[in-house]
Amino acid sequence: MVRLSQRDAGRSRRGRAEVRSALGGRSVAGQVFVLQVVIVLLLVVAAVVALVLQVRHDSTTEARNRSVAVAEAFANAPGTVEALSAPDPTAVLQPRAEAARKATGVDFIVVLNTDGIRYTHPKPDRIGKKFVGNLAPALAGHVVTEQINGTIGPLVQAVVPIRAPDGKVVGAVSAGITTEHVGGTADEQLPLLIAMAAGGLAVATAGTALVSRRLQRQTHGLGPHEMTRMYEHHDAVLHAVREGVLIADGEGRLLLANDEAQRLLHLPADAEGRQVVDLGLPPDTADLLASGRVATDEVHLVGDRLLAINQRATELEGGPAGTVATLRDSTELRALSGRAEAARERLNMLYDAGVGIGTSLDVTRTAEELAELAVPRFADFATVDLFDAVLGGGQPEAGTELRRTAFSGIRKDAPLYPVGERMRLVASAPQARALRSGQAVLESRLAESPGWRAQNLERTAQVLEFGIHSLITVPLRAGALVLGVVNFWRSQKAEPFDTDELALAEELVTRAAVSIDNARRYTREHTMAVTLQRSLLPRSLPEQNALDIAYRYLPAQAGVGGDWFDVLPLSGARVALVVGDVVGHGLHAAATMGRLRTAVHNFSALDLPPDELLALLDELVGRIDQDEVQEGDSAPVTGATCLYAVYDPVSRRCTVARAGHPPPALIHPDGSVEFPDVPAGPPLGLGGLPFETADLELAEGSRLVLYTDGLVEDRERDIDVGLELLAAALERAGETPEETCQVVLDSKLTARPSDDIALIVARTRALDPGRVTEWQVPSDPAAVGRVRADVTRQLSQWGLEDLEFATELILSELVTNAIRYGGEPIRVRMLYDRSLICEVFDSSSTSPHLRYAAMTDEGGRGLFLVAQLAERWGTRYTPEGKVIWAEQPVP
C-alpha cells in the first residue's frame, strides 16, 4: 500500500511538472500555449471594441434610416401639401406630427415652410421659431441627414422636401432621434459583451492548455519505427489517390510523381530526377510545371485528355524551394459541361422568347421578334409565313396563300422568298405537310429532299448553292387554329438540325404562337372599333357660305378615342361649329361619342343658344350614366367635354359656350393670335351648374381654331405650355385654313399622341350687306300688301323674279300670323345666300304649329302652304321673342 501511494504521488508530481513545463514557456508546447493565449486575448479585445463600434455605427445608421423613412412618409402623406396652404398649418399638422412621432419612435417630427419656420415641434414653445439645421438641400429637392446640436440636445435628423403635385418644393419635414437614444443600445449591451468576452477568453485559455498538454504528451517518446510507419502510410495514400501529384525542386527537376500523374502524363520510368522540360510533355504544360508560377485550374491538352492543373510553391514558411502540382482529368467533365451549357442556352432562349416576343399587339412586329430571336442563336436564317387573313385580324382559311411576314438572317442576300411575297405551296413541300398534319417537319438535308425542291426548282437550286442545307418547319398553332408556319434554316454549321433541336423549335414556336394570336385578336377588335369610330364621324362637310373650313382628325397611337367634331348649318345663314371629347378609349368611348354627336344634331335643329344646348347635353349625359349604372354591364361616361359656337355672317358675331373644353384660338386678319375669354363651364354630366356664353365680333377673314385636348395636353407638360406652343404655331401659319391645319400638325405639338386629336380651322366670311334687306311692319292687316310690294321690288333687284309668287305668299302668311297672334314690334328680313331666306320676327314666344284644316274651316292653312312652298321652315327663339323663317332654293 505504501508503494502504491508513493507511485501515485510520483505520477502526480510528474503530471504537475509537465503542466508547469507546458505553461512555463520552456518547451515548444509552452511557447505555443503563451502565443495562443496572447492571440486569443488580442482577438477578444479587438472583437469587443469592433462590436461596440459596430453597434454604435448600426444604431446611428438605423437612426438615420428611420428618420429619413418617417420624414418621407410624413412629407408624402395625404393632406400634407394641402395643410401647408391652409390658414393655420400648425392646427392641422401638429396633432398629426405628434401622433406619427409616438407611433414611429422618433424624438421629433418638425414641419417647416420654405423659410425654415417651424409649424410643428414636440415642445410647443419652439413652434414659429427658426429651424436648426441645413435646409438648403431640401429646398433644392434633395434628402439630407446630419448630426447637430438641436433645441432638444445632440441629435441625428433627416430633412425631406415636400413637393406639390407640379414638383415644386413647398416645404420640408425634419425627423430625428437624439444622440442619447442612439447610443443607448450600445451602452446597454456593453456589460453583456464584456462578460461574454471574459467567458470566451477563459474557455479559449483552457482549450489551449489542453491542446498544448496533449501535444506534449503525444510527441514524447516517438521512435524511428513509428516515424517509418507514418511515412509508409503517407506514401500509400499518395499513390492511391485518383489525382496526379508532382513535386519539383527550385531548378525544375522532378522529385516525385505519383502513379496517377505518371498515367495522365505518360511519364517514362526514369522520370524522377530529370528536368521537367525533358520529359516529352506538351510545351505549354512543360513550361507551366518548370516555371514555378502559381496556377489554379488551368486546362491543358495532353494527348487526348484535358487536364486541370493547380500549382503552388513549397518554400512558404521556410520550406524547401520548389513546387507541388496536382492534376485532374476533366475530359468527361468538360463534355458534360458542354451539354449543360447547351441546355442552359436553350432555357435562356425560351425565357427570352417569353419576355421578348409579344411586346406589341402588332401581328407583323410579333412575327419579326420571333425571327430576330432565333438568329443567330438557333438558326442562321428564320422566316415567318402567315395567312393573309391573320394579318388583317381574321381567322385563317385552309388552302389559301401564305404571305412572307418576317425574315431575319446572318446575311441579307439569301435567295429565300422576300418579305411581302405571296406563296402557294405544293403538296409535297415541308411547309404544306406541316400545315396539314399540325406537326413540325425536319428536313435534315435539303439536297436530298425532292418534296422541298418541287416547290420552286430554280429558287431551291439557288438556296442550295448559297449554302443553306438544313430546315425545320413548325406550324404556328393557337388552339385549333393554324396561323402559318415558321422556318428555321441552317447554312454555316456543317451539322444538320437534329431531333433535340426540332423539339426546341416546337417549344419556341408554341410560345410565339400565343403572342401572334393575341395580336391577331387585338387587330380584329381594333379594326372593328376604328370602323365604328369612322362611321360615327362626319364623312364630309355640309355646303355653306359663312365659313371656309378645313379640319384634321388624328387617332391615338393605341386604342380608339371619343373625340368628335361637326359643322351644322343653321337658319338665317348661320353655322354652328362643335368639338367634343369623351374621356377614355375603346368601343364604349366611340359609342358614347356617337350618341352625343347625334344629340347635338338633334338639339341644333331646335336653334337653341349655345348655353341652352350644352345644358340639354349635360342633362343627357347624366341620364346616360344613370341608365348604365342601372344596367350594370357597361361603364358610365367618365368624362365628356364640348365646345359649341354659332357664327352669324350677317352680324359677324360668334356666340361660344364650352363645357370643360379647352378655349378656342382666334387668328386675326393681321396674323396676331389670342385665346378669347370664354367662360369655362363644368364638364358634361356633373349637372347643377349653368353654362355661360361669350359673344365675339369677328372681322371678315378671321380664323377660329377649335381643337380637342389631345393637341395641347401631354403627360410630360402642362396645358399652359401646350397653349403657348399652339399660339406660336398659329402665328407661323399661312392665310388659308388648310395651311393653318398643316402648320399646326407639322409643328409636332404631340410627337406621339396618346389621345385623339380633332382640329378645325374656320375662316369667317361676311354676307354682303346688299344681300340683306329688312322692313319694320306695323300691326295692321293692311300692311301685308305693302310687304308684298316691297318683296317684289327687292326680288327684281336680285334677279329672282321666278320666286316672286312663292315668296309673296310665304311672307303674306307669316306676317299675317305675326299681326294676328304675335306682338309688336314686327320685322321682316330677307337674306340672299345659297338660298332665299325669309324671316318674320315678333315679340311673342308662342310658336305656331302646322295642322291640317277641316273642309269647313275658314283658316288654318297658312303654315301648310308655307311648308309646301319652302324647302325648310322653322322657328327660333330670341331673348326678345321669336323668328319664323323659311328657305327657298335659288334657281
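The model is predicted, so local features need pLDDT of at least 70 and side-chain atom pairs count only at pLDDT 80 or more, while totals for chains, interfaces and linings use all residues. Residues are numbered from 1 along each chain as its sequence is written, and side-chain values use heavy atoms, with hydrogens and water left out. The protein chain has 24 helices and 31 strands, where helices (H or I, at least four residues) and strands (E, at least two) are DSSP runs numbered from the N terminus. Of its 891 residues, 44% count as buried, a term that means under 20% relative accessible area, with exposed over 50% and partly exposed in between (1.4 Å probe, protein chains only). Among contacts between residues at least 6 apart in sequence, 59% join residues at least 24 apart, a contact being heavy atoms within 4.5 Å.

**Strand β1**

- Strand β1 (residues 108-112) is largely enclosed by the rest of the structure, because 5 of its 5 residues are buried.
- Phe108, Val110 and Leu112 point one way from β1, whereas Ile109 and Val111 point the other way, and all are buried.
- β1 is joined to strand β4 (residues 169-178) by 5 bridges, and the two run antiparallel; two strands are said to pair if DSSP finds at least two bridges between them.
- Within this pairing, Val110 of β1 stands opposite Ser174 in β4.

- Strand β8 (residues 305-313) and strand β9 (residues 322-329) pair in the antiparallel sense over 7 bridges, and Arg312 stands opposite Val324 in β9.
- Thr285 lies in helix α10 (residues 283-291) and is buried, with a relative accessible area of 0%.
- Not counting residues up to four places away in sequence, Thr285 touches His300, Val302 and Ile309.

- Strand β10 (residues 381-387) is joined to strand β11 (residues 402-409) by 7 bridges in an antiparallel arrangement, and the bridge partner of Phe381 in β11 is Gly409.

**Nonpolar cores**

- A nonpolar core is a set of buried Ala, Val, Leu, Ile, Met, Phe, Trp, Tyr and Cys residues joined through side-chain atoms within 4.5 Å.
- Of the 52 residues in the largest nonpolar core, Trp564, Leu577, Leu596, Leu617 and Tyr644 touch the most other members.
- Strand β19 (residues 640-648) gives the most to this core, with 7 residues.
- Apart from this core lies another, of 42 residues, among them Val384, Leu386, Leu481 and Ala519.
- Leaving aside its neighbours within four places in sequence, Tyr644 is in contact with residues including Leu570, Leu577, Val600, Pro610, Leu614 and Val656.

**Pocket and cavities**

- On a 1 Å grid over the protein atoms alone, a cavity is a set of points where a 1.4 Å probe fits but cannot get out, and a pocket is an open set with protein on both sides within 12 Å along at least five of seven lines; lining residues have an atom within 4 Å of a point.
- The largest pocket holds about 880 Å³ of space, with grid points joined across faces, edges and corners and a volume taken as the space filled by probe spheres set on the points.
- This pocket is lined by 27 residues, of which Arg574, Arg876, Tyr877, Thr878 and Pro879 lie nearest its centre.
- A search of the whole structure finds 3 cavities of 30 Å³ or more, and the largest cavity has a volume of about 170 Å³.
- The largest cavity is lined by 17 residues, of which Tyr417, Gln431, Trp452, Gln455 and Trp489 lie nearest its centre.
- The elements that give two or more residues to this lining are α14 (430-437) and α16 (457-466), and α16 gives the most, with 3 residues.
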